[in-house]
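I opened this entry to keep track of what I looked up in one model. My notes follow the order in which I checked things.

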Amino acid sequence: VFFFLFFTVSCFVVRDFGWIRDNLLKDEVGNLDGVSFNDVTTQYTCLNLAGPFARKVLEAAGVENISNEEFPFMTYRDIHIGLAPVRALRVTFVGELGYELYIPVEYAKQVYSLLLEVGQQYNIHNAGYRVLESLRLEKGYRVWGSDISPSVNPFEAGLGFCVKFDKKHDFIGKQALAELHKQGPQRRLVCFTVDDHLLLDKAIGFPLQSDIDLPTHYIHEGRGAHGEDLTTRPLLLTGNEAIELDGKVVGYTTSAGYGYTVGKNIVYGFVPADVSKRTDFFVNAYGKSIPMKKEGYRSLYDPE
């Protein structure tokens, strides 16, 4: 008997559950053939413990034998935190050392409180989604629904290393992927950065044209909702902006945000493969064409 536990993003549970269910082996009358498949989302809470001191926090909570050699990246362990049985996965979405901790819901508060308590010596803090978004942009992790989707193949998204053509068994889509791989990508997902000084309110030029709406947290002449001077802060790029080359729109940004480690706006976007080696791209934002620095396909921040 084999046991598999699938993890997915909360908003994709129905989609992923349906896809897996529809593609499981079935008998002649349509019943699952020797497979039991259930949604256990409501039985578990997930806490993501991430950062350079994540291992030390777990050790302070009494977890043993979790060195890098004993618990390497992309592996799974059953551990206990306090009295709670925890399914621990050594992976995070922020590009730092970390763990996804899957905890039976009845133990969730206990584990959360214990980690916060022992983590005080390491300056532990709660972090929201925008923190994760900033960190994953620096690491270069792709997001489903913006950077990747059913209309994006892995080779144009820089994820060709995830496709294993030499598997012992065939998999759904193998022939189609092999053909795409042979043809080569028609477009590429590229990483860019934009220097702060190019996105300051003064550089953009306030007031903007009357037919261009200001972001909701801005008012006239570069003043914030509470009157603070925002002309010393860079405006933010958010994704879905046009990418320009030689004065023409050639692509679009898929996601963007501020990277606080690298100190720049980070932009990911698709451009045609035949011009992807060019370095003189612009992003159209706030009514201006703003030059971007092409960073290529590497991670902007990769902790040791």
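The entries below go from the whole chain to single residues.

**Ground rules.** I am working with a predicted model, in which local features need pLDDT of at least 70, side-chain atom pairs count only at pLDDT 80 or more, and totals for chains, interfaces and linings use all residues. Residues are numbered from 1 along each chain as its sequence is written, and side-chain values use heavy atoms, with hydrogens and water left out.

**Confidence.** I began with pLDDT, the predictor's confidence in each residue, from 0 to 100. The protein averages 87, and 89% of the residues score at least 70. I marked residues 206–220, where pLDDT stays under 50. For that stretch the model has 23 contacts beyond four places in sequence; contact means heavy atoms within 4.5 Å.

**Overall counts.** I noted six helices and 13 strands. Both are DSSP runs numbered from the N terminus: helices are H or I with at least four residues, strands are E with at least two. Of the 304 residues, 37% are buried. I use buried for under 20% relative accessible area, exposed for over 50%, and partly exposed for in between, with a 1.4 Å probe and protein chains only. Among contacts with a separation of 6 or more, 57% join residues 24 or more positions apart.

**Open sheet.** I traced four strands in the order β1-β4-β3-β2, with antiparallel pairing. Two strands pair if DSSP finds at least two bridges between them. β1 and β2 stand at the edges with a single partner strand each, so one side of each has no neighbour in the sheet. The twist from one strand to the next averages 30°; axes here are lines fitted to C-alpha atoms, for helices over the stretch in contact, and angles run from 0 to 180 degrees between N-to-C directions.

I then followed the antiparallel pairing of β2 and β3, which runs over six bridges. Y76 has L89 of β3 as its bridge partner, and D78 has R87 of β3. Two residues separate the strands of this hairpin, and G82 in the turn has a positive phi of about 65°.

**Cores.** Which residues of the largest nonpolar core touch the most other members? They are L58, I81, L101 and L115, in a core of 22 residues. A nonpolar core is a set of buried Ala, Val, Leu, Ile, Met, Phe, Trp, Tyr and Cys residues joined through side-chain atoms within 4.5 Å. At least two residues of this core come from each of β1 (44–50), α2, β2, β3 (84–89), β4 (98–104) and α3 (108–118). Apart from this core lies another, of 18 residues, with V190, L235, L245 and Y286 among them.

**T253.** T253 is in strand β9 (residues 248–259). I have it as buried, because its relative accessible area is 0%. Its side chain makes a polar contact with the side chain of E241 (2.6 Å). A polar contact is a pair of N or O atoms within 3.5 Å; within protein, one must be able to donate a hydrogen and the other to accept it, and residues adjacent in sequence count only if both atoms are side-chain atoms. A polar atom of the T253 side chain also lies 2.8 Å from the backbone nitrogen of N240.

**K139.** I found K139 in helix α4 (residues 129–139). K139 counts as buried because its relative accessibility is 15%. Its side chain makes a polar contact with the side chain of D302 at 2.5 Å. Beyond four places in sequence, K139 touches V94, G95, S299, Y301 and D302.

**E70.** E70 sits in the loop between α2 (54–60) and β2 (76–81). I logged E70 as partly exposed, at 44% relative accessibility. The E70 side chain makes a polar contact with the side chain of S67 (2.9 Å). Leaving aside neighbours within four places in sequence, E70 is in contact with N65 and R77.

**Positive phi outside glycine.** N123, in the loop between α3 and α4, has phi near 60°. N123 is exposed, at 57%. D246, in the loop between β8 (242–245) and β9, has a positive phi of about 55°. D246 is exposed as well, at 56% relative accessibility.
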